[in-house]
Amino acid sequence: MDRLDNTVRPYAWGSPTAIPHLLGVEPTGEPQAEMWMGAHPGAPSRTERGTLAEVIDADPERELGKKAVARFGPRLPFLLKILAAGAPLSLQVHPDLEQAREGYDAEERAGVPIDAPHRNYKDANHKPELVCALTEFDGLCGFREPARAAELLAGLGVDSLEPFVDLLGAHPGEAALREVLTAILSADRDEMARTVAEATAACARLGGDYAPYAGLAHHFPGDPGVIAAMLLNHVRLQPGEALFLGAGVPHAYLDGLGVEIMANSDNVLRCGLTPKHVDVPELLRVVRFEARDPGVLRPEAAPDGEEVYETPIDEFRLSRYVLAEGGTAHDLTRDTSQILLCTAGSVRAGEHELGPGQSVFVPAGEKAEISGAGTVFRATVRVWRIV
């Protein structure tokens with residue numbers, strides 16, 4: 001197995017302290033947003049054999065396993081991250097696999113450069129994702145019931161929001177949510193900025209359920225995404241709880257430290273809370289306008305002490321082991337590759353001693369035994385669903 005040397009991405013929304021504190025190093029003063037573990041071409045992990053991408057390219061079946069290569073091709077199908085949000089991320093959705101392929105092919109035919117700021121699809125893959133909290137973790141996930149969204153907006157007492165309140169009560173759920181989101185994102189920017197300013201003052205005054213939106217407006221004054229965010233469920237995860245974000249589900253991470261795993265894709269369509277491009281027609285094609293519970297996940301017990309975060313996705317499977325001093329070793333050997341990440345304590349993975357934030361790549365079929373006292377997250381694929 002290979003110890004991983006991982007890149008930390010300094011996105012502006014990152015916490016300056018959370019990842020350094022996890023790793024036990026001094027903060028630099030700069031934001032430290034995400035630490036990537038995997039073979040993504042944007043920042044592949046490094047090993048003594050070369051980058052993980054180079055290692056896999058040299059012998060995909062040896063590293064990933066024959067079943068995984070047959071199902072997903074000669075690439076690691078997931079990307080594992082430690083995510084540290086010190087400020088809100090953009091309000092966004094991800095396409096399903098068919099939408100991603102259609103969108104990517106259309107932009108390729110149109111000759112849109114892959115690095116163009118208005119490009120929507122960087123690849124032809126979907127991007128379902130799962131985030132598991134290491135600290136208290138705030139986020140927005142999925143649409144509220146229209147009646148609850150109407151109540152929240154009406155409670156602000158802002159006259160210019162009354163048309164949205166009326167729309168939410170005038171149509172069945174899906175149509176109401178579609179009309180209101182369309183109206184918010186299509187409104188005159190200057191008029192919407194004034195509405196957001198009034199709503200922000202009301203949120204700050206009222207506090208309680210409105211407090212998260214006052215925080216959003218502090219970071220994104222005048223952004224229509226502040227109002228769009230009020231259509232969504234606010235959720236606060238406790239350590240060990242998780243959220244699964246499937247295709248078309250609008251969401252945003254607001255604050256906290258977590259472990260995130262996703263299909264290996266960069267496809268993001270933004271709804272707001274960002275200075276970046278917002279393609280309203282394409283966004284409306286992808287969003288699923290259905291009110292839903294945020295669906296907080298808690299790990300389910302599996303044999304040998306494994307705790308699994310169940311999702312309907314084949315490209316990744318995330319689980320964890322909470323190891324106690326003096327406990328028996330756990331054999332994690334399997335016929336697909338895996339990444340093991342320590343997030344607390346001190347554990348031994350094969351010949352490697354791991355502390356918080358340290359990780360290893362385990363090739364398919366290689367002996368993988370863990371022991372010690374700490375927490376280990378295990379990232380792999382759903383092998384039993386591969387035929």
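This is a predicted model: local features need pLDDT of at least 70, side-chain atom pairs count only at pLDDT 80 or more; totals for chains, interfaces and linings use all residues.
Let's start with helix α9, which runs over residues 189-206. Its 18 residues reach 25 Å from the first C-alpha to the last, close to the 26 Å expected at 1.5 Å a residue. Which residues of α9 are buried? They are M192, T195, V196, A199, A202 and C203. These cover an arc of only 125 degrees around the axis, so they sit on the same side of α9. That buried set packs against α7 (162-170), α8 (173-186), α10 (211-219) and α11 (225-229). On the face turned away from the buried side you'll find the exposed residues D190, R194, A204 and R205.

Have a look at the two ends as well. At the start of α9, a side-chain oxygen of D188 comes to within 3.1 Å of the backbone nitrogen of D190. Just after the helix, G207 has a positive phi of about 60 degrees.

Now the annotation. An unreviewed UniProt entry gives residues 3-144 as "domain: Phosphomannose isomerase type I catalytic". The span is 27% helix and 25% strand, and its end C-alpha atoms lie 43 Å apart.

Finally, the aromatics: the count is 3 pairs. One of them is Y11 with W13, where the ring centres are 5.9 Å apart and the planes are at 35 degrees, so this pair is tilted. Y11 is partly exposed at 28% relative accessible area, while W13 is buried at 16%. F137 and Y253 make an edge-to-face pair, 5.4 Å centre to centre with 75 degrees between the planes. F137 belongs to strand β9 and Y253 to strand β12, so the pair ties together parts 116 residues apart in sequence. F137 is buried at 1% relative accessible area, and Y253 is buried at 4%.

Methods: Residues are numbered from 1 along each chain as its sequence is written. Side-chain values use heavy atoms; hydrogens and water are left out. Helices (H or I, at least four residues) and strands (E, at least two) are DSSP runs, numbered from the N terminus. The expected span of a helix is 1.5 Å times one less than its number of residues. Buried means under 20% relative accessible area, exposed over 50%, partly exposed in between (1.4 Å probe, protein chains only). The arc is that of the directions from the helix axis to the C-beta atoms. Contact means heavy atoms within 4.5 Å. A polar contact is a pair of N or O atoms within 3.5 Å; within protein, one must be able to donate a hydrogen and the other to accept it, and residues adjacent in sequence count only if both atoms are side-chain atoms. UniProt positions are given in the numbering used here, feature names are shortened, and annotations may be inferred rather than shown by experiment. Rings of Phe, Tyr and Trp (its six-membered ring) pair if their centres lie within 6.5 Å; planes under 30 degrees apart count as stacked, over 60 as edge-to-face and the rest as tilted.
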